[in-house]
Structures are given as C-alpha cells and as structure tokens.
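Hi,

Here is the structure I promised to pass on. Have it open while you read, and my notes on it follow below.

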Amino acid sequence: MTNKKRLGGLLALLVLAGLGLFALFGQKQSAPAAGDKPVVRIGSKDFTENLIVAELYALALEDEGYTVERKFNIASSLVHTSLTNKEIDLYPEYTGTGLLAILKLPLETDPEQVYQTVKTAYAKDFKLTWLDYAQATDSQGLVIRTAVAKQLGIKTISDLQQHASELRFASQGEFDQREDGLAGLKTAYGEFNWKSSKVYDNSLKYSVLKNDEADVTPAYTTEGQLIQTDEFTLLEDDKAFWPPYNIAPVAQSDLIEKEPNLAQALNKISSQLTTEKVTELNAQVDVDGKDYTAVAKDFYKSIAN
C-alpha cells in the first residue's frame with residue numbers, strides 16, 4: 001500500500017472517529033438531566049410504629065417519582081440531630097415529643113395548640129417544617145388486666161387511683177420519677193398507694209400482666225398488644241394529664257418549598273392514620289410476627305387509590 005493510500009485511510013478513520021465522538025457528545029448534551037426530582041433520605045426511629053410510618057412515607061414518595069434512600073432505625077435520641085445536621089431529609093415525629101423533649105416547653109394538652117407551637121418553633125429555630133399531623137396519637141397511658149378492670153369497675157385513671165391499694169404495679173423504674181410519669185400523675189390524680197410495686201423490663205410488661213404477676217403497667221397508647229382487649233384495657237386519661245403525641249412528618253424546609261408534591265403525598269398518608277389503625281398495624285408486626293415492610297406495603301395498597 002502506498003503512503004498516499006495509508007494517509008487517506010488514516011484520515012478517513014479520524015473523520016469517522018470524530019463523527020462518533022460528536023454523536024456521543026451530542027447525545028449526552030441533548031439527553032434530559034438525570035432525575036428532575038431529588039433523592040429523598042427518609043429516617044425513622046428504632047421501634048415498630050415509626051418504622052411502619054416511615055416506610056409508608058417512602059412508598060408514597062416513590063409513587064410520586066422520587067428516589068428514596070431509607071435510613072431507618074436511628075436511635076430516638078439521635079434522630080432529631082440527624083435531621084438538623086442534614087443527614088436525613090425527613091422522618092415521622094410526635095407533637096408531644098417535639099414540645100417536651102426537643103423544645104423543652106411547658107406541657108400543653110390541646111392537640112392543635114401543641115401542633116402550632118412546635119410548627120412555629122421548629123421553623124424559627126431549626127428551619128424545619130411540620131407537615132399535617134395524623135389523628136393517630138401515640139401517647140403515654142396505663143394498662144390494666146381486663147379481668148381486674150371488670151371486677152373493680154375501673155375504666156379511668158381516676159378509678160385506678162381509688163383502687164390502687166388493691167393493685168400490683170409493674171413499673172419500668174424511671175417512669176416512677178419522671179414529670180410525665182408517675183410523679184406527674186400524682187399531681188393530677190393524687191397518690192397511688194399500690195398494693196405492691198416492682199420494676200420490670202419494658203419488653204416484659206405484657207407477659208407480666210398476662211401471667212398474673214402484676215395488674216397495671218405503663219404503656220404507649222398504640223402498642224400492638226392493646227388490640228387484645230380481652231386481656232388488656234387501656235385506661236382513659238380522664239383529667240387529660242398527658243399531652244397529645246400526634247404523628248407527623250418533619251422535613252427540611254427548603255425541600256418542602258422546592259417540592260410541593262412531596263408535602264401533598266406525605267399529608268395524604270397522615271390523613272389515613274388513626275390511633276386504631278396504627279395500633280392494628282403495630283399488632284401485625286409485634287403480635288402476629290409479620291415484617292414491617294410487608295405490613296406497610298399492604299396498608300399502602302389499600303389507601304393508594
């Protein structure tokens with residue numbers, strides 16, 4: 001082959017290569033930017049209910065076309081810091097927790113007032129937004145064995161206080177001293193002079209009641225075991241001592257401002273969460289042994305349309 005032919009062939013190859021690079025470059029430039037919506041990092045606390053609700057948030061946002069990064073099972077004492085440090089974008093929080101544990105403000109009992117208080121303070125202090133709160137409230141409570149409640153005619157905490165000397169109390173230790181525990185209850189209801197009081201691990205409390213080792217124990221009002229009303233009765237807080245702990249998404253304010261569809265999707269989830277429904281969902285995990293992701297998925301399917 002002559003040098004002229006070699007040179008011609010080389011030039012042809014260079015032209016073809018240039019055309020290929022131009023075509024490739026042109027494709028990259030003309031292709032739409034990857035993902036018009038941001039990746040959303042959803043956090044959760046490290047207990048069943050918060051995991052279920054966080055998963056519901058994730059499913060709702062994925063349906064809206066967001067890519068979701070799940071950063072679940074954060075210790076309750078650290079999750080707020082994770083949000084303020086921008087390690088996560090949002091998570092399910094409780095209005096009463098925001099009021100008492102985060103803001104350290106005086107106790108209030110009106111759900112709307114508590115919500116407005118935390119909403120205003122979070123926006124000012126942390127640049128965080130509280131979206132709509134659910135009817136579901138995971139508050140403190142006292143649970144009694146149903147057989148004993150029927151025998152003594154106990155329906156409220158006032159009734160319980162009057163019969164305390166006939167009842168065995170299963171404490172979790174620190175509950176006795178907390179201002180939002182037994183110490184505060186005494187201020188609202190009077191002294192609780194238990195027949196006996198013994199400290200048990202929180203995880204054992206329902207077994208202790210079921211095995212007739214105690215009659216009364218502190219609880220949270222959406223715990224799955226409470227669905228077993230033939231065995232356990234949640235007493236009415238008739239003097240409204242405990243504040244509401246309504247569930248709501250708390251998110252980075254700049255994200256909410258940029259993504260109004262995100263807020264709408266999360267608010268739709270909140271509108272479907274009642275105390276009874278959350279208790280039922282918790283029971284499917286903690287009593288029936290189902291995986292929380294499957295429970296969340298089944299419930300989401302039932303409300304998505």
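Helix H2 and helix H12 (residues 275-286) pack with their axes 9 Å apart, at an angle of about 110 degrees. The axes are lines fitted to C-alpha atoms, for helices over the stretch in contact, and the angles run from 0 to 180 degrees between N-to-C directions. That angle makes H2 roughly perpendicular to H12, since angles of 65 to 115 degrees count as roughly perpendicular, under 35 as roughly parallel, over 145 as roughly antiparallel and the rest as oblique. On the H2 side the contact is made by Thr48, Glu49 and Ile52, and on the H12 side by Val278, Leu281, Asn282, Val285 and Asp286. Contact here means heavy atoms within 4.5 Å. Sorted by class, this contact has four nonpolar, two polar and two charged residues. For the classes, Ala, Val, Leu, Ile, Met, Phe, Trp, Tyr, Cys and Pro count as nonpolar, Asp, Glu, Lys and Arg as charged, and the others, Gly among them, as polar.

Before going on, a word on the ground rules. This is a predicted model, where local features need pLDDT of at least 70 and side-chain atom pairs count only at pLDDT 80 or more, while totals for chains, interfaces and linings use all residues. Residues are numbered from 1 along each chain as its sequence is written, and side-chain values use heavy atoms, with hydrogens and water left out.

H2 (residues 48-63) also meets helix H13 (residues 292-303): their axes come within 9 Å and cross at roughly 50 degrees. The two helices are therefore oblique to each other. By class, that gives 10 nonpolar, one polar and three charged residues.

Now pick out Glu55, which sits in H2. Is Glu55 buried or exposed? At 7% relative accessibility, Glu55 counts as buried; buried means under 20% relative accessible area, exposed over 50%, and partly exposed in between (1.4 Å probe, protein chains only). Apart from its neighbours within four places in sequence, Glu55 is in contact with Arg70, Phe72, Tyr292, Thr293 and Ala296. Its C-alpha atom is separated by 9.9 Å from that of Tyr91, 36 residues away along the chain.

Next, the charged pairs. Side chains of opposite charge can pair when their charged atoms come close. How many salt bridges does the structure hold? There are 13, where a salt bridge is a side-chain nitrogen of Lys or Arg within 4 Å of a carboxyl oxygen of Asp or Glu. One joins the side chains of Lys45 and Glu93, at 2.7 Å from N to O. Lys45 lies in strand S1 (residues 39-45) and Glu93 in strand S3 (residues 90-94), so this pair ties together parts that are 48 residues apart in sequence. Both Lys45 and Glu93 are buried.

Arg145 forms a salt bridge with Asp215, with the closest N and O atoms 3.0 Å apart. This pair links distant parts of the chain, 70 residues apart: Arg145 is in strand S5 (residues 140-145), and Asp215 is in the loop between helix H9 (205-210) and strand S8 (216-220). Arg145 is buried, at a relative accessible area of 17%, and Asp215 is buried at 4%. Arg168 forms a salt bridge with Asp215 as well, with 2.9 Å between the closest N and O atoms. Arg168 is in strand S6 (residues 168-171), 47 residues from Asp215. Arg145, Arg168, Asp212 and Asp215 are linked in a network of salt bridges.

Two backbone details: Lys127, in the loop between helix H5 (111-126) and strand S4 (128-130), has a phi near 55 degrees, a positive value in a residue other than glycine. Lys127 is exposed, at 63% relative accessibility. Ala240 has a positive phi of about 50 degrees and is partly exposed, at 39%.

Finally, the overall picture. The protein chain has 13 helices and 10 strands, taken as DSSP runs (helices H or I, at least four residues; strands E, at least two) and numbered from the N terminus. Buried residues make up 47% of its 305 residues.

Cheers
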